[in-house]
Amino acid sequence: MHRGITRRDFLDGMALTIGAAVIPSSLFVGCTHHAEPEQSPDYYPPALTGLRGSHPGSFETAHSLRDGTFWQHAGSPIDTSGNYDLVIVGGGISGLSAAHFYRKIAGPKARILILENHDDFGGHAKRNEFRVSDRTLLGYGGTYSIESPEPYSAVSNGLIEELGIDVSSFPKYLDRPLYSADGRVPKIFFDKETFGVDRLLDDPWPFPGGETYDLSVSAPDAWAHFMAEAPIAEQARKDVRRLCLEKRDYFPGLNLEQKKARLQRMSYAQFLGESAHMHLDVLRLYQRLPEPLFGYGIDAIPAYEAWEAGYPGFSGMFGESDDLHWERVHFFHFPDGNASIARLLVRKLIPDAIPGNSASDVVTAKANYAKLDESGSPVRIRLNSTVVRVKHEGDPASAKEVEVTYARFGKSYTVRAAHCILACWHVMIPYICEDLPGKQKQALYAAAKAPLVYTNVLLHDGTAFEKLRANAIYAPGGYHTWVNLDLPVSIGGYRCPHDPHEPTAVHMSKAPCKAGLPPREQHQAGRVELYTTTFETFERNIREQLARTLGGGGFDPARDIAAITVNRWPHGYAYEYNSLFDSFVLEGGEPPCEIARKPFGRIAIANSDAGAHAFTNAAIDQAWRAVGEITAR
Ligand SMILES: Cc1cc2nc3c(=O)[nH]c(=O)nc-3n(C[C@H](O)[C@H](O)[C@H](O)COP(=O)(O)OP(=O)(O)OC[C@H]3O[C@@H](n4cnc5c(N)ncnc54)[C@H](O)[C@@H]3O)c2cc1C
């Protein structure tokens, strides 16, 4: 860490991918002479490193629309004469599913255009690739797995099956023993700023709900080490053990329903402090634990949801039959996360774009981006295109067409369609669809998403994890809250690293938020933080965090880091309603998402926001509903 940061790490990352991805979007954005960069054989976004997710070039148009400056400089849109049966705004899983469902009803000749503001398709389901000599390592830049607290509906299960994914076959691809090979276990990294000393300790009670599936098995002597060495007050250590291991009823005298009602009205932090009488150090230790799952910490998650998620403290509160057990019976993780689902959908829509014919060969299939937007194809996906206006030709009640305007590399264009599905982020919709009723616009604004960061760091080898016997590290005071090795999944022609001396991709996650505020304000603060944090700052923090966490294993960031990809999602998880802050959850009333997703003339509204549920099944189910609405007209 004492060595100055040059651009070497970042450029090395680029160099590793050279030949695969030589047009970072930052180089062509704004250059009108690069009218069709996607046609270049070198165009390959998954292999780009640096700042990804909502990458530079993807959001500026949307922000200028929000700020009211876009039309001052836009000029007159160019009429492309494009005429479609359906234009879909947003190329995430919802938009791609909508195209798929529409074709089932309207037939394979239906003309569909999907417009997406990012340089890649898939939305949050983002693939990160690293090339090291002749080897490709995959990472997930967003949507991690098929899983959901609610069971998948018949529609979403049906689509998953149609794509050839057999969810129950996952154990076949997972090398379970490899995850804990050489005695690797989950750890906690206590940092000196928060706990007075830097210390890496075995985690005696790894929390459920992280990215480690059900493989988090702690070391046999983890409690002994924790009780002796955890740098928190002695009383706090005893309290943690009581919370995790003892069956206590913290609400004696209340019946089952009263207990549940009370848990819905208090935060998990309140439960820990006021009901379970935990030492303040315990709250400091657990404050950030739920962030990657909820987008905020224990100050704002209802205790009821903590119980549902399997957090400790509830095992003596309910009878056996009402005890919840975190079970992931419906789980599937591709090495690139649900980007494989997006790629399977694209293969169905435009077979030439992604070769192959199975859910396992898609993992290594190389997408041909030049095929996404071919004039002869019934389905076209146009990347780098931000939709800025959607309006009916005439009165929405009787109009025969919708005009869609999008901005692309400094110019704007119009196309027309019989119908339009807005599968994009709901906060964007009031700015592009000005004719919507005011009440619906308010409901759409209320869907501002939770910000998240998924960082993938390519290491020349994984020996530091081997020496430290670590596979997943919770960092309650860290810049990133989690540092994980990915699940060892080998599928199709893809082989995950098997030997600590092989290059290894490390996943780090962070949910920027501001404890103490209501969730929406926490998310807003986090979004501002993300848009104003440079890659250099991310890089410095990543290097420092890894150096301190893995230093005991001989890790040297200057030597060991080969490349960094920071997937920044200022608009991440769909906002999920919270019984502490959204009064209608307990008191009743129409949830905003039901108002927000009402069809408007020839326009229907999808996206996981439409279900207020930050999961892939919501993205699919809402696409199905939206297609049903336009085809029923
Ligand atoms: C980091 C992260 C991890 C996640 N992990 C999981 C997980 O493990 N499992 C799970 O089920 N879910 C997960 N999710 C939730 C995820 O959001 C959903 O599963 C699903 O991928 C959402 O799909 P979508 O199509 O609704 O939205 P998105 O993926 O957000 O797609 C919408 C697209 O519309 C585009 N768009 C917006 N405005 C415009 C415009 N004006 N013009 C053109 N395009 C526009 C956006 O840029 C985006 O690409 C995760 C989300 C994040 C951020």
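Is Glu-246 buried, partly exposed or exposed? Glu-246 counts as partly exposed, at 36% relative accessibility. Here buried means under 20% relative accessible area, exposed means over 50%, and partly exposed lies in between (1.4 Å probe, protein chains only).

The model is predicted: local features need pLDDT of at least 70, side-chain atom pairs count only at pLDDT 80 or more, and totals for chains, interfaces and linings use all residues. Residues are numbered from 1 along each chain as its sequence is written, and side-chain values use heavy atoms, with hydrogens and water left out.

A salt bridge is a side-chain nitrogen of Lys or Arg within 4 Å of a carboxyl oxygen of Asp or Glu. The whole structure holds 35 salt bridges. Three of these pairs are tabulated below.

| Pair | N to O distance |
|---|---|
| Arg-408 and Glu-36 | 3.2 Å |
| Glu-246 and Arg-248 | 3.1 Å |
| Arg-380 and Asp-373 | 2.7 Å |

Arg-408 and Glu-36 form a salt bridge. This pair links distant parts of the chain, 372 residues apart: Arg-408 is in strand E10 (residues 402–408), and Glu-36 is in the loop between helix H2 (25–28) and strand E1 (50–53). Helices (H or I, at least four residues) and strands (E, at least two) are DSSP runs, numbered from the N terminus. Arg-408 counts as buried at 7% relative accessibility, whereas Glu-36 counts as partly exposed at 46%.

Arg-248, the partner of Glu-246, is partly exposed, with a relative accessible area of 37%. In the pair Arg-380 and Asp-373, both residues are buried. Elsewhere, salt bridges with shared partners join Arg-127, Glu-129, Arg-131, Asp-336 and Arg-343 into one network.
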